[in-house]
Amino acid sequence: MLKPYLHQIVNRSMELALSAKEPYNYFLLLRALFRSIGGGSHDLLYQEFLPLLPNLLQGLNSLQSGLHKQHMKDLFVELCLTVPVRLSSLLPYLPMLMDPLVSALNGSQTLVSQGLRTLELCVDNLQPDFLYDHIQPVRAELMQALWRTLRNPVDTVAQVAFRVLGKFGGGNRKMMVEPQRLEYSSRESIGPCISVYFQEHKNNISLPVGKVIETAFNALKTSSTDAFYRKQCWEIIKGFLSANIVLDDEKHNVYQLFSHPSFIVGEIPSLQGPYYICPDSESRKVHEMALTGMFVAAAIKELRPTVLQFMITLVRHYTLVAITQQSGPFVSSRRQMKPQGMDPLVLVDATAAIMGHEEKELCKPGGFALLIIIET
């Protein structure tokens, strides 16, 4: 019943997905189709897929290697590995499966299991020399992914990875003599640090917090993060931002400053040269990431009540600092002074970063921040 329409379903789904605003459903249709045909009980339909293989695999392989949302990329990888054809029919196109295979072994639990099944099928049914020739371009990444899978929290997955490594024989250790990938750091400074003092030591120990903020930021962005850890991540970001605010001035003095008539009748002088930007680029980057993390936390339902009040206060503080730097009674004297510390314009950069995020829900706190800036 499905056989006469199979070509049209697959081809039209790929065509429409490339032009649709939301192509996800077309690929879900292909996944459902592949899963229903796969399993070895539809030999006649397998034959129908043979003419589709070149364009289908090439298209899916190009999609999975491009820039997409993670759930879309995972779907492309799964489609590449589950095309319903016999392994013998895939042999001419085996190089197209290598990159998706590596991506699967570095992906979610479902993809890891699928990748291991595909790899074990190849190891069991292909000649070693033929298989090694095809995995050569990705051999190092493939073997490293397999070794990492041995530490998978799911015991059955780790056992399959161990079994596959055993089937590779001595080849699974050849990659150990190859040069490993090194992460090059071009940072000129270590960024913001926490100073820790011990009684038995005269000098303090500086602990960089950049990685901590980055980890908290990534955890907040990840939907699978547990609610408890999300709250702790927000507390870290909140503490970092609070520690960077200096509140030495008395409330009365601040009130007098902003009551000065020059804010109303005075002219805002034209800017001579570029705006002041914090010279410590690494510290500014971490600060911007923390502010962006605050916006992400504001978009999380369970954190929103506690985040919004802090966010309103912080955005107003940054806005008021920027206002006093560009207008008011101290503008003329400030021209002769060299600014120091973090610039309030980092808030603008963080707002731009969150407004440009692919997730629409994360853009809303950025729009709210702009309203606060305008009202202030």
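Let's start with two helices: α1 (residues 6-19) and α4 (residues 53-64) pack with their axes 11 Å apart, at an angle of about 30°. Since angles under 35 degrees count as roughly parallel, α1 is roughly parallel to α4. The crossing of these two helices is left-handed. Keep in mind as we go that this is a predicted model.

Helix α16 packs against helix α17 (residues 304-326) with axes 8 Å apart, and the angle here is about 140°. Roughly antiparallel would need an angle over 145 degrees, so α16 and α17 come out as oblique to each other.

Another one joins Glu 78 and Arg 35, with 2.6 Å from N to O. Here too distant parts of the chain are linked: Glu 78 belongs to helix α5 (residues 70-81) and Arg 35 to helix α2 (residues 24-37), 43 residues apart. Glu 78 has a relative accessibility of 10%, and because buried means under 20%, Glu 78 counts as buried.

Now move on to helices α8 and α11. Arg 163 forms a salt bridge with Glu 120, and their closest N and O atoms are 2.7 Å apart. Arg 163 is in helix α11 (residues 155-168) and Glu 120 in helix α8 (residues 109-125), so this pair, 43 residues apart, also links distant parts of the chain. The Glu 120 end is buried, at 13% relative accessibility, whereas Arg 163 is partly exposed, with a relative accessible area of 40%.

Which residues make up the network around this pair? Salt bridges that share partners join Glu 120, Asp 124, Arg 163 and Lys 167. Of these, Asp 124 is found in helix α8, and with a relative accessible area of 46% it is partly exposed. Asp 124 also gives a handy distance to check in the viewer: its C-alpha is 9.8 Å from that of Phe 168, though the two are 44 residues apart in sequence.

Finally, take a look at a nonpolar part of the surface. Ile 194, Phe 198, Ile 205 and Leu 207 form a patch there, and together they have about 340 Å² of accessible area. One of its members, Leu 207, has its place in strand β2 (residues 205-208). With a relative accessible area of 42%, Leu 207 is partly exposed, because that class covers what falls between the buried cut-off of 20% and the exposed one of 50%.

Terms used: Residues are numbered from 1 along each chain as its sequence is written. This is a predicted model: local features need pLDDT of at least 70, side-chain atom pairs count only at pLDDT 80 or more; totals for chains, interfaces and linings use all residues. Side-chain values use heavy atoms; hydrogens and water are left out. A salt bridge is a side-chain nitrogen of Lys or Arg within 4 Å of a carboxyl oxygen of Asp or Glu. Helices (H or I, at least four residues) and strands (E, at least two) are DSSP runs, numbered from the N terminus. Buried means under 20% relative accessible area, exposed over 50%, partly exposed in between (1.4 Å probe, protein chains only). Patches are made of residues with over 30% relative accessible area and no salt bridge: like charges are joined within 9 Å, nonpolar side chains (Val, Leu, Ile, Met, Phe, Trp, Tyr) within 5 Å. Accessible areas come from the Shrake-Rupley method with a 1.4 Å probe; for residues, only the protein chains shown count as cover. Axes are lines fitted to C-alpha atoms, for helices over the stretch in contact, and angles run from 0 to 180 degrees between N-to-C directions. Angles under 35 degrees count as roughly parallel, over 145 as roughly antiparallel, 65 to 115 as roughly perpendicular and the rest as oblique. A crossing is left-handed if the near helix is turned anticlockwise from the far one by less than a right angle, and right-handed if clockwise.
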